[in-house]
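Welcome! Take a moment to look over the sequence and the 3D view before reading on.

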Amino acid sequence: MLYSATINVMVKAARRAGRSLKRDLGEIEHLQVSLKGPANFVSLADKRAEEILYQDLAKARPGYGFIGEEGGTREGTDKSHTWIVDPLDGTTNFLHGIPQFAISIGLAREGTVIAGVIYNPANDELYIAERGKGAFLNDQRLRVAGRRQLNECVVACGLPHIGRGDHDEFRREMTAIQDRVAGLRRFGAASLDLAFVAAGRLDGYWERNLSPWDIAAGQIMVKEAGGTVSDIDTPGDALTTGHVVCGNEYVHGELVKVLRKVA
């Protein structure tokens, strides 16, 4: 496949950071038996991956702004372009040696995401999307699933962490959705949940209280695969609110109706 220069820059950075994370994943199993556990090690792995991404992206596109989960906002001289990066989405999975985690890179121009790359180095799955050019998994074109009966759909969600989010609200939402779908899943990496919807592996997905770096790349992935993404409570942008729901046009609409009724 021939991709744009921007996508090639993003892929190169993601693969280099991915090699670092894959090496670190190999160490996790040795650390699981230690008294302290691997938490500090994983925190370092996270920071190391983000620094690799920052260095590679800044070298290729000097002046672009950079928002990373670990390092926060780094202002650039080019105020119209910003990288939105999660160097390790699915940290808890990674911490336990579960190979469901990813590097997520989005590029926003004037506040609109125009390109996204999501890479899981554990299984070498590389998702790519660029505005107006479609979404791809390892060079295969992606389309959202076509199911139009909610009771035939498998839908993913996120669970609020201890001390974060409204647990009662989530339980109400989960109960309402669970009564209407074929199955619920919770995989623990928002970027990959969005990518799975784009790939047709999942029919829909919703989660609250996410950060921009959780959503940026996955949002454009779903849109370019023919899906619909929005805020849960309004027609607005989930990137701004942090509350995301997506699926094909029908599934998205049905999930929105159920979730807003619960609220």
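Below is a short tour of a sheet and some salt bridges. This is a predicted model, in which local features need pLDDT of at least 70 and side-chain atom pairs count only at pLDDT 80 or more, while totals for chains, interfaces and linings use all residues. Residues are numbered from 1 along each chain as its sequence is written, and side-chain values use heavy atoms, leaving out hydrogens and water.

**The sheet**

- An open, mixed sheet is built from five strands in the order E10-E9-E11-E13-E12; strands are DSSP runs (E, at least two residues), numbered from the N terminus, and two of them pair if DSSP finds at least two bridges between them.
- Strands E10 (183–185) and E12 (228–231) stand at the edges with a single partner strand each, so one side of each has no neighbour in the sheet.
- Strands E9 (residues 154–157) and E11 (residues 204–207) run parallel and are joined by three bridges.
- Within this part of the sheet, Ala-156 stands opposite Tyr-205 in E11.

**Salt bridges**

- The whole structure holds 15 salt bridges, each a side-chain nitrogen of Lys or Arg within 4 Å of a carboxyl oxygen of Asp or Glu.
- Glu-125 forms one with Arg-201, with the closest N and O atoms 2.8 Å apart.
- Glu-125 lies in strand E6 (residues 125–130) and Arg-201 in the loop between H5 and E11, so the pair ties together parts 76 residues apart in sequence.
- Glu-125 is buried at 15% relative accessible area, whereas Arg-201 is partly exposed at 40%; buried means under 20%, exposed over 50%, and partly exposed in between (1.4 Å probe, protein chains only).

Conventions. Helix = DSSP H or I, 4+ residues; strand = E, 2+ residues; numbered from the N terminus.
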